[in-house]
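Please keep the sequence and the model in view while reading.

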Amino acid sequence: MESTLGAGIAMAEALQNQLPWLENVWLWVTFLGDPKSLFLFYFPAAYYASRRVGIAVLWISLITEWLNLVFKWFLFGDRPFWWVHESGYYSQAPAQVHQFPSSCETGPGSPSGHCMITGAALWPIMTAISSQMATRAHSRWVRVIPSLAYCTFLLAVGLSRVFLLAHFPHQVLAGLITGAVLGWLMTPQVPMERELSFYGLTSLALLLGASLIYWTLFTLGLDLSWSINLASKWCERPEWVHLDSRPFASLSRDSGAALGLGIALHSPCYAQAGQHSLKVLW
């Protein structure tokens, strides 16, 4: 396993030292691939274009982010920015890599949340654009543009995570594959017309389910704060340690988004907006 992790460090070293002029590009790409951007930017933009696609983006984001949290608790993946110091692998010849403000996330590293969550949540956008272009474009090359853009963007997100020492390549690959599979599976199953109680129970299930798993693992003697301790120990600057990357920060966002979605879908404003849209279409 050390050879695999060492190869990941070598890749990060090559990206940082051979292509330093791309630093700002990687920083922007990792920002655009941040799961928080799904809630802040992608969901509102998708909802403005298509109500169904927007709801799909939000629903898939919150479910996939919860799954990513649980996966990380079980897989115990190291992050490159602390592994290079903690392992002693480079004690004689230190790796020529450096950290960035975006490097010091506190959760375990496997699988990559940026790749898994963003890959899943962007799937309904990609498929919606693909279906639109399929009905309007006669060229097969034009019809595959959304798929190529989806794959290119996620590949760039994965490379940015390696560049920043946030993830090893195998963690990125695991996130890409898992995200695409979850997006494919969940897009047709998005709940659009469910009772408010469904969303409330989903919110409660996310909160209680993660808490139950956490305390079960804790009772079994597993220290789930190990990654927080390592991130705080090896991050170059204390102010770079991201408190919002701690496990229960994303959990509160996911459970709150599930409940908020249910309340929004059952509000009078949503019903009036739907009736207005039907009148415009008519």
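The buried residues of helix H3 are Pro35, Ser37, Leu38, Phe39, Tyr42 and Ala46, where buried means under 20% relative accessible area, exposed means over 50%, and partly exposed lies in between (1.4 Å probe, protein chains only). Helices such as this one are DSSP runs (H or I, at least four residues), numbered from the N terminus, as strands are (E, at least two). An α-helix has 3.6 residues a turn, so residues three or four places apart point the same way.

The model is predicted: local features need pLDDT of at least 70 and side-chain atom pairs count only at pLDDT 80 or more, whereas totals for chains, interfaces and linings use all residues. Residues are numbered from 1 along each chain as its sequence is written, and side-chain values use heavy atoms, with hydrogens and water left out.

Helix H3 covers residues 35-49, a run of 15 residues. From its first C-alpha to its last, H3 reaches 20 Å, close to the 21 Å expected at 1.5 Å a residue; the expected span is 1.5 Å times one less than the number of residues. Where does H3 have a kink? The kink, of about 40 degrees, lies at tyrosine 42, shortly before proline 44. Such a bend is the angle between axes fitted to the seven residues ending at a residue and the seven starting there. Tyrosine 42 is also one of the buried residues of H3. At the start of this helix, a side-chain oxygen of aspartate 34 comes to within 2.9 Å of the backbone nitrogen of lysine 36.

The next topic is how two helices pack. Helix H4 (residues 51-75) and helix H10 (residues 169-186) pack with their axes 11 Å apart, at an angle of about 140 degrees. The axes are lines fitted to C-alpha atoms, for helices over the stretch in contact, and angles run from 0 to 180 degrees between N-to-C directions. H4 and H10 are therefore oblique to each other, since angles under 35 degrees count as roughly parallel, over 145 as roughly antiparallel, 65 to 115 as roughly perpendicular and the rest as oblique.

Phenylalanine 76, in the loop between H4 and H5, has a phi near 55 degrees, a positive value in a residue other than glycine. Leucine 165 lies in the loop between helix H9 (145-163) and H10, and its phi, near 65 degrees, is likewise positive in a residue other than glycine. Is leucine 165 buried or exposed? With 2% relative accessibility, leucine 165 counts as buried, while phenylalanine 76 is partly exposed, at 32% relative accessible area. In the loop between helix H5 (80-86) and helix H6 (113-121) lies proline 111. The peptide bond that joins serine 110 to proline 111 is cis, with omega near -5 degrees.

Serine 3 belongs to helix H1 (residues 2-18) and is exposed, with a relative accessible area of 55%. Serine 3 and tyrosine 89 are 86 residues apart in sequence, and their C-alpha atoms are 9.6 Å apart in space. Alanine 149 is part of helix H9 and counts as partly exposed at 46% relative accessibility.

Note on methods:
Polar contact = N/O pair within 3.5 Å; in protein donor to acceptor, adjacent residues only side chain to side chain.
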